[in-house]
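Q: Could you take me through this structure? Please begin with a term that I shall need for the sheets.

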Amino acid sequence: MILADLYKIRKSMWIKILLIITILCAVSMTIIAGEIEKGNLDINMAGIGFLLSDANMISLLGAVIAGIFICGDFDNKTIHDAISGGNSRVSIIVSKTIVFIGAIACILLPYAILTGIALNTGNKYNMGNNSIGFLHLITSEGGKDFDASAVLGLLTSMATLVIVHAAQQSISILFAFLIKKPVIVIAVSYAISVINPRLTVLRANSEVFDKICSFTPFGGDYTFITSGTEADYVIKALAVSLIFIVLIIGITYATFRKKEVK
Amino acid sequence: MKEYILKTNNLTKSYHGVNVLNNVSVNLEAGKIYGLIGQNGAGKSTLMRLLAGLSFPTKGSIELFGHFGEKELQTERKRIGCMIEYPSLVPNMTAKENLRLHRIMKGIPDKSVEDGLLNLIGLSGTGKKKAKNFSLGMKQRLGIAVALLGNPELIILDEPVNGLDPLGIVEIRKMLIKLCEEKQITILISSHNLPEMYQTVTDYIIIHKGQIKKSLTMAELDEQCKHHFLIRCMEPEKLVSVLELELNTQNYKVMPDNSVKLYDYLEQKEELAKVLFDNKINVTNFSDEGNTLEDYFISVVGGGDHI
């Protein structure tokens with residue numbers, strides 16, 4: 001199943017288009033952050049910079065991937081054929097999840113590469129208070145000297161960010177299997193991503209909610225990881241994200257296990 | 001005891017309390033082509049969807065290759081090929097890429113099956129043409145090719161000749177008959193095209209309003225449809241002796257209800273009636289019978305209400 005899904009993605013045009021979009025956004029985001037720091041651009045441009053950042057783009061594009069990749073399979077009956085061909089429903093969900101995470105990592109790759117290039121220049125970057133994810137890495141680590149251990153820390157934090165983003169977007173998988181309509185899946189998933197930053201305010205007002213959020217990839221905590229973040233925290237971020245993905249797979253299976261495939 | 005490729009036992013499927021399939025029991029033997037005949041909404045696709053695992057029965061059970069139970073059925077489904085309602089195709093892929101996708105999905109390592117199947121269904125010349133640009137007939141053919149991947153022992157095809165031109169229909173028919181005869185593949189096929197079914201299938205399953213109305217072989221159907229006089233009388237023994245002695249024919253059949261089907265004298269109705277009258281046969285029914293498949297189907301599903 002995984003090989004078949006990979007083959008389908010490799011043959012599809014949309015993954016190439018999404019990759020081009022993230023390349024353009026990553027380049028633009030980095031340029032804007034650099035120009036704001038130099039004073040060539042007004043700090044008010046930080047809002048636009050954030051719109052082009054990984055956190056925002058992946059919220060939208062992750063949902064688009066789920067919409068095309070999973071809902072599309074319901075539309076063209078590939079999932080029907082997988083089931084009637086003797087594949088278990090759990091294997092279909094797991095395969096979709098693995099390839100979905102792979103696709104998320106693929107379209108995040110330009111951000112990771114641009115972050116590496118930007119930090120390698122030794123320049124400083126600024127995006128005001130709007131920096132999370134890879135954008136946060138650029139703005140907080142820009143201008144620093146990196147030794148081997150710092151580079152390793154940077155690579156670890158990048159990998160962790162990819163997993164955190166993938167975990168956040170994994171909720172789109174549940175919606176895709178549940179709703180099956182790409183437009184609705186994209187709308188609902190993106191709405192959740194928009195609500196996500198607002199959770200910070202709620203967390204400040206409720207200790208219980210704060211605790212609950214800390215066990216999910218949402219709430220912002222795990223998107224501020226840098227090369228200087230302590231190993232315990234990185235491990236916690238990875239563990240929370242991976243457990244969340246497994247949980248989403250479980251919920252998706254529970255809802256899809258006995259569902260009619262029309 | 002016969003071994004069946006597929007058995008369903010009192011299969012029932014309800015939606016919102018309404019039974020769309022009601023106690024359906026069918027048995028499919030190896031190497032036969034079964035035609036599932038029914039009107040729109042009769043339950044053909046629902047039955048096929050249940051067999052394919054796309055839907056779950058409300059009651060009853062399915063036995064595939066002698067195995068039943070959810071896990072076992074899932075394993076046994078690797079031995080079947082399906083095309084239900086519409087072919088499973090990715091629009092932006094070519095015919096070969098679509099076959100490759102399904103080949104990988106089914107875990108078949110042999111790449112040569114792709115070209116072999118494309119040749120078989122006559123789509124080897126489509127090159128880089130995407131499936132979205134295919135005609136309905138080409139899509140149907142490709143869907144059948146996908147169902148044939150992995151040498152399945154049972155093929156379930158829902159309306160496979162839909163959208164095919166006459167030549168395409170003949171080709172698909174020949175292909176299905178060949179597969180059945182040479183590889184002993186069992187085929188369950190649904191269609192509205194009754195004359196086409198008559199030329200393809202070996203056995204008929206007539207379904208109406210979610211119930212199996214009749215299961216019969218081609219020979220039984222021919223028997224049912226054969227032109228004859230149906231004669232009912234008070235003394236069937238006397239009728240039989242008149243037929244043999246006075247009319248010199250043995251081309252008749254006494255039915256379980258003591259009615260007699262006479263296959264001779266079809267063009268001499270008046271002469272026949274006169275002989276029966278002269279021999280004082282007390283006739284209670286004397287009718288000209290014999291159907292086309294359509295007529296027979298209509299008579300089975302409830303007569304004129306459905307014409």
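A: Two strands are said to pair if DSSP finds at least two bridges between them. Strands (E, at least two residues) and helices (H or I, at least four residues) are DSSP runs, numbered from the N terminus.

Q: What kind of model is this, and how are things numbered?
A: The model is predicted, with local features requiring pLDDT of at least 70 and side-chain atom pairs counting only at pLDDT 80 or more, while totals for chains, interfaces and linings use all residues. Residues are numbered from 1 along each chain as its sequence is written, and chains are lettered from A and ligands numbered from 1 in the order in which they are written.

Q: Which strands of chain B make up the open sheet of 4 strands, and in what order?
A: The order is E12-E13-E11-E14 in chain B, and the pairing is antiparallel. Strand E12 (252–254) and strand E14 (283–289) are the edge strands, each pairing on one side only. Neighbouring strands of this sheet are turned by 15° against each other on average, direction ignored.

Q: How many bridges join E11 and E13 of chain B?
A: Strand E11 (residues 228–233) and strand E13 (residues 260–262) of chain B are joined by 3 bridges and run antiparallel. Within E13(B), B:Val260 is the bridge partner of B:Ile231.

Q: Which helix packs on that sheet?
A: Helix H9 (residues 236–245) of chain B does, touching E11, E12 and E13 of chain B, and its direction makes about 20° with that of E13(B). Residues are in contact if their C-beta atoms, placed from the backbone, lie within 7 Å.

Q: And the open sheet of 6 strands, what is its order?
A: In chain B the order is E6-E7-E8-E4-E9-E10, with mixed pairing. Strand E6 (80–83) and strand E10 (211–217) of chain B stand at the edges, each with a single partner strand, so one side of each is left without a neighbour in the sheet.

Q: How do E6 and E7 of chain B run?
A: E6(B) and strand E7 (residues 154–158) of chain B run parallel and are joined by 4 bridges. B:Gly81 has B:Ile155 in E7(B) as its bridge partner. Across E6 and E7 of chain B lies helix H5 (residues 136–148), running at about 160° to E6(B). Helix H8 (residues 218–225) of chain B packs on the sheet as well, touching strand E9 (203–208) and E10 of chain B, with its direction at about 95° to that of E10(B).

Q: How many helices and strands has chain B?
A: Chain B has 11 helices and 14 strands. Its C-alpha trace spans about 75 × 45 × 40 Å along its principal axes.

Q: New topic: how many residues of chain B are in contact with chain A?
A: In chain B, 25 residues are in contact with 22 residues of chain A. Helix H3 (95–105) and helix H2 (70–76) of chain B each supply at least two residues of the side that touches chain A. H3(B) gives the most to that side, with 6 residues.

Q: Finally, at what angle do H10 and H11 of chain A pack?
A: Helix H10 (residues 182–205) and helix H11 (residues 207–214) of chain A pack at about 135°, with their axes 6 Å apart. That makes H10(A) oblique to H11(A), since angles under 35 degrees count as roughly parallel, over 145 as roughly antiparallel, 65 to 115 as roughly perpendicular and the rest as oblique. The contact is made by A:Leu199, A:Leu202 and A:Arg203 of H10(A) and A:Phe209, A:Asp210 and A:Cys213 of H11(A).

Definitions and conventions
Contact = placed C-beta atoms within 7 Å. Axes fitted to C-alpha atoms, helices over the stretch in contact; angles between N-to-C directions.
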